[in-house]
Amino acid sequence: MKINEIIAEELGVKVWQVDAAIKLIDEGNTIPFISRYRKPVTGELNDLQLRTLDERLKYLRGLEERKTQV
């Protein structure tokens with residue numbers, strides 16, 4: 001299962017919403033900025049969902065990186 005799918009399932013949102021949020025985060029946008037000004041792009045994800053998404057994304061990416069190092 002891909003990271004995006006895992007996060008979507010955990011948050012109870014659609015995969016496209018997670019994809020859009022990750023794209024914005026990877027482009028360097030902050031969570032408050034995304035929450036306030038990019039709601040239509042993320043399908044109305046709120047601040048709490050975006051913060052949780054960001055934390056899980058960092059954690060799961062870290063796990064993937066450690067797996068490849070072993």
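## Contacts and overall form

Among the contacts in the chain between residues at least 6 apart in sequence, 48% join residues at least 24 apart, where contact means heavy atoms within 4.5 Å. This is a predicted model, in which local features need pLDDT of at least 70 and side-chain atom pairs count only at pLDDT 80 or more, while totals for chains, interfaces and linings use all residues. Residues are numbered from 1 along each chain as its sequence is written, and side-chain values use heavy atoms, with hydrogens and water left out.

The chain has five helices and zero strands, these elements being DSSP runs numbered from the N terminus (helices: H or I, at least four residues; strands: E, at least two). The radius of gyration of the chain is 12 Å, close to the 11 Å that the globule rule gives for 70 residues, so the chain is as compact as a globular protein of that length; the radius is taken over C-alpha atoms, and the rule is 2.2 Å times the number of residues to the power 0.38. Along its principal axes, the C-alpha trace spans about 40 × 25 × 15 Å.

## Surface and charge

Of the 70 residues of the chain, 33% count as buried, a class that means under 20% relative accessible area, with exposed set at over 50% and partly exposed in between (1.4 Å probe, protein chains only). The accessible surface of the chain comes to about 4,700 Å², of which 53% belongs to carbon and sulfur atoms; accessible areas come from the Shrake-Rupley method with a 1.4 Å probe, and for residues only the protein chains shown count as cover.

There are 12 positive and 12 negative side chains in the chain, and the centres of the two sets lie 3 Å apart. Lys and Arg count as positive and Asp and Glu as negative, without His or the chain ends, and the place of a charge is taken as NZ of Lys, CZ of Arg, CG of Asp or CD of Glu.

## Helix H1

In helix H1 (residues 3-11), the residues Ile3, Asn4, Ile7 and Ala8 are buried. Seen down the axis of H1, its buried residues fall within an arc of 130°, so they line one face of the helix, the arc being that of the directions from the helix axis to the C-beta atoms. What covers these buried residues of H1 includes helix H2 (15-26) and helix H5 (47-69).

Ile6, also placed in helix H1, counts as partly exposed at 23% relative accessibility. Not counting residues up to four places away in sequence, Ile6 touches Met1 and Leu60. H1 is followed by Gly12, whose phi is positive, near 70°.

## Residues in the later helices

Tyr37 has its place in helix H3 (residues 31-37) and, at 53% relative accessibility, counts as exposed. The C-alpha atoms of Tyr37 and Leu57, 20 residues apart along the chain, are separated by 21 Å.

Thr42, in helix H4 (residues 39-42), is buried, with a relative accessible area of 0%. Leaving aside neighbours within four places in sequence, Thr42 is in contact with Trp16, Gln17, Ala20, Ala21, Leu24 and Ile34. In the loop between H4 and H5 lies Glu44, a residue other than glycine whose phi is positive, near 70°. Most residues other than glycine have a negative phi. Asp54 is found in helix H5 and is buried, with a relative accessible area of 13%; apart from residues up to four places away in sequence, Asp54 touches Ile25 and Ile31.
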